[in-house]
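Got a model open and wondering where all those labels come from? Let's go through a few of them, one at a time.

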Amino acid sequence: MAKRKEIDNNRGGELKSEESSSEESSSDDDTNMLDVEFEWFDPQPEHDFHGLKTLLRQLFDVDAQSFDLSALTDLILAQPLLGSTVKVDGNETDPYAFLTVLNLHEHKDTPVVEKMITYIRAQAKRTGALSEIDDLVENAANARIGLVLTERLVNIPSEVVPPMYKMLLEEISWAIEEKEPYDFTHYLILSKTYREIASALDEEDTPKSKKQKKASKKGTSEVFYFHPEDEVLQRHALCSGSYEYLVEGAKSDSKRTFQELGIKPEGHMILIVANKFEAAVKGLQEYFSQS
């Protein structure tokens with residue numbers, strides 16, 4: 001644990017100094033910057049249950065009702081030396097972000113993981129770009145898949161992500177040395193994206209502009225990322241793709257942007273072969289160090 005705490009303290013200091021310098025450089029702008037020091041912790045069963053459950057609900061969006069999120073949270077907290085949480089007011093507060101990995105094969109008989117596997121396969125079958133995931137999960141005897149779950153509150157900077165992935169790699173390495181079941185062949189990251197769609201607000205009363213008509217036809221083609229790091233990770237992926245949620249969500253107007261278009265959230269999967277995962281994490285560190 002001493003090594004882990006040292007990493008946490010160093011990372012927290014680095015992120016704080018970056019935010020402070022950003023505030024100084026933008027003093028002439030209208031944007032107000034908040035100086036916050038982020039801290040990284042191991043998952044804490046006595047403090048993190050409700051915060052993690054809330055983040056899981058956010059991650060799965062409308063499909064969250066398909067899972068026993070309490071059981072999934074308990075499973076994450078049952079491996080406190082693997083994965084990270086990010087907080088700002090000490091260890092006893094709710095996490096603002098988290099990242100963990102679950103062994104799908106090891107927990108395949110656990111009801112919530114069994115439901116998760118069924119869900120992953122169903123979505124992969126519906127999406128041609130993800131067909132390899134269905135094949136891999138079906139032949140689980142030939143693959144050891146680590147399911148990566150990560151989410152953060154809105155407006156938490158992406159810079160908190162690379163340290164979590166770096167620490168995860170180290171923790172997995174330590175776990176393998178202790179003969180624990182984390183020697184994965186593949187990593188499957190569950191995330192989310194969205195597409196812009198024409199809003200139905202006042203559709204009957206307001207004639208569509210040329211821009212709106214164009215958006216109606218082309219607005220759903222481009223994928224946008226809730227998690228910017230996904231764009232970097234999928235450069236190293238065996239396959240990746242977005243899929244529609246099983247549960248029908250609210251219309252675009254309820255999640256409307258401050259433009260003419262609404263948004264349609266979708267799920268997203270990224271499958272990375274284990275021998276490329278370290279390079280993917282390094283890519284994250286390089287990308288966010290330049291931003």
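**Rings, a buried arginine and a helix pair**

Ring pairs link F60, F67, Y119, Y243 and Y245 into a cluster. This is a predicted model, where local features need pLDDT of at least 70, side-chain atom pairs count only at pLDDT 80 or more, and totals for chains, interfaces and linings use all residues. Residues are numbered from 1 along each chain as its sequence is written, and side-chain values use heavy atoms, with hydrogens and water left out.

Q: Why is the pair of F60 and F67 called tilted?
A: Rings of Phe, Tyr and Trp (its six-membered ring) pair if their centres lie within 6.5 Å, with planes under 30 degrees apart counted as stacked, over 60 as edge-to-face and the rest as tilted. The centres of F60 and F67 are 5.0 Å apart and the planes sit at 50°, so tilted it is.

Q: What makes Y119 and Y243 an edge-to-face pair?
A: Their planes are at 75°, with 6.2 Å centre to centre, and that gives an edge-to-face aromatic pair.

Q: Why does the pair of Y119 and Y243 tie together parts that are apart in sequence?
A: Y119 belongs to helix α4 and Y243 to strand β7 (residues 239–243), so the pair bridges 124 residues of sequence. Helices (H or I, at least four residues) and strands (E, at least two) are DSSP runs, numbered from the N terminus.

Q: Why is F60 called buried?
A: Buried means under 20% relative accessible area, exposed over 50%, partly exposed in between (1.4 Å probe, protein chains only). F60 has 4%, so it's buried. F67, at 8%, is buried too.

Q: How do you know that R195 is buried?
A: Its relative accessible area is 17%, so R195 gets the buried label. R195 is found in strand β5 (residues 186–198).

Q: What makes the pairing of R195 with E266 a polar contact?
A: A polar contact is a pair of N or O atoms within 3.5 Å; within protein, one must be able to donate a hydrogen and the other to accept it, and residues adjacent in sequence count only if both atoms are side-chain atoms. The side chains of R195 and E266 make theirs at 2.9 Å.

Q: What makes residues of α4 and α5 count as meeting?
A: Contact means heavy atoms within 4.5 Å. On the α4 side, I117, I120, R121, A124 and K125 meet S131, I133, D134, V137 and E138 of α5.
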